[in-house]
Amino acid sequence: MIERRVLLAGTLAVPFLGSPAIAGRIDAGAEKGSEDQFRSISSAVANLLPAPDVRTQLAYVYAVAAHVLAGAEAPPAKLFPMGGFARGVEIGPIAREPNFVVIGYRALPGAKVPPHNHPNYSVVTIGTEGMATIRFFESQNAPPMNSPDPFELEETRAVQLRPGDVAIVTPARDNIHMFEAGPQGAQWIDITTSHGPDLGFSYLDLGASELNHLGRMSAKWTKFS
C-alpha cells in the first residue's frame, strides 16, 4: 500500500513527538527561499541533534520538517545530471550549514534514483513539484558495503510524495530508499544531517524482478563510494 504523509506546518507536532525544546525561530525577516532563511532554520534546530535511538531521531527529523514547512522555501539550485546510473535526474546543492546540507532534485517523468543507503545520516525529503513514489527498505543481515555477497532486504513501506508531503529516513529506520518520478515528473529537496562518522554510501542491485513484488528480496551492494 502506498501512503501519503503530510506534516502540518508549524511546531505543534514537535512536543507531541517528545523532542527537546526548539532553540529558536525562523527569521521572519529573511528573504523567502534564501540561504539566510536556511541558516535561521539551522539555528532553530541546533539543540535538536538526537541521541542514537529511534524515538529521538524521529522527533528530530519531524522537527526539521516542521520548521521548513512553517515558512521556508528552498533557494534555487544549479542542477547537474546524475549520470547514467540515474538517467533523467538532476541534482544540485542548495545550502550547507554545520548542522545539515540541503540538496535539490529534479526528475523527468518515470526517472528513477536507484536504491541506496544513508548510514549514520537522517534525511528529510520534502516534495516541491509533481509527484514521486519513494520505496523504503531495511536489512538485518547486510554485509559491509564493499562486500560482493548477496543479502536479504525487506521493503518496509512506500510513500507518495507530492508538494508539501514529507518522507524521512533515520540511521535506525528505513535507511535504504529509492525514488521514481510520476507521469508529470517531480522535484524535491533533501535535508541531510550527520549523526556519526561518515561511512560512505552505496547503491544496491536488486534487479527488475525483485522490485516488482513486496516482501523480502535478495540484494547486493554496488557503486560503493
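Mentor: Before we start, buried means under 20% relative accessible area. Also, keep in mind that this is a predicted model.

Trainee: How many bridges join β7 to β11?

Mentor: Four, and the two strands run antiparallel. Glu152, for one, has Ser218 in β11 as its bridge partner.

Trainee: And what about β10, how many bridges join that to β11?

Mentor: Three, again with an antiparallel run. There, Tyr203 is partnered with Thr222 of β11.

Trainee: Switching topic: which residues touch the most other members in the largest nonpolar core?

Mentor: That core has 20 residues, and Val89, Ala107, Ile134, Phe136, Ala167 and Trp188 come out on top. At least two of its residues come from each of β4, β6, β7, β8 and β9. Another core, of 17 residues, lies apart from it and includes Tyr62 and Ile191.

Trainee: Okay, Asp174 now. Where is that found?

Mentor: Asp174 sits in the loop between β8 and β9.

Trainee: Is Asp174 buried or exposed, and why?

Mentor: Buried, because its relative accessibility is 5%, and the cut-off is under 20%.

Trainee: What does its side chain make a polar contact with?

Mentor: The side chain of Arg157, at 2.6 Å. Asp174 also touches residues including Phe136, Glu138 and Val169.

How values were computed:
Residues are numbered from 1 along each chain as its sequence is written. This is a predicted model: local features need pLDDT of at least 70, side-chain atom pairs count only at pLDDT 80 or more; totals for chains, interfaces and linings use all residues. Side-chain values use heavy atoms; hydrogens and water are left out. Buried means under 20% relative accessible area, exposed over 50%, partly exposed in between (1.4 Å probe, protein chains only). A polar contact is a pair of N or O atoms within 3.5 Å; within protein, one must be able to donate a hydrogen and the other to accept it, and residues adjacent in sequence count only if both atoms are side-chain atoms. Contact means heavy atoms within 4.5 Å. A nonpolar core is a set of buried Ala, Val, Leu, Ile, Met, Phe, Trp, Tyr and Cys residues joined through side-chain atoms within 4.5 Å. Two strands pair if DSSP finds at least two bridges between them. Lists of a residue's contacts leave out its neighbours within four places in sequence.
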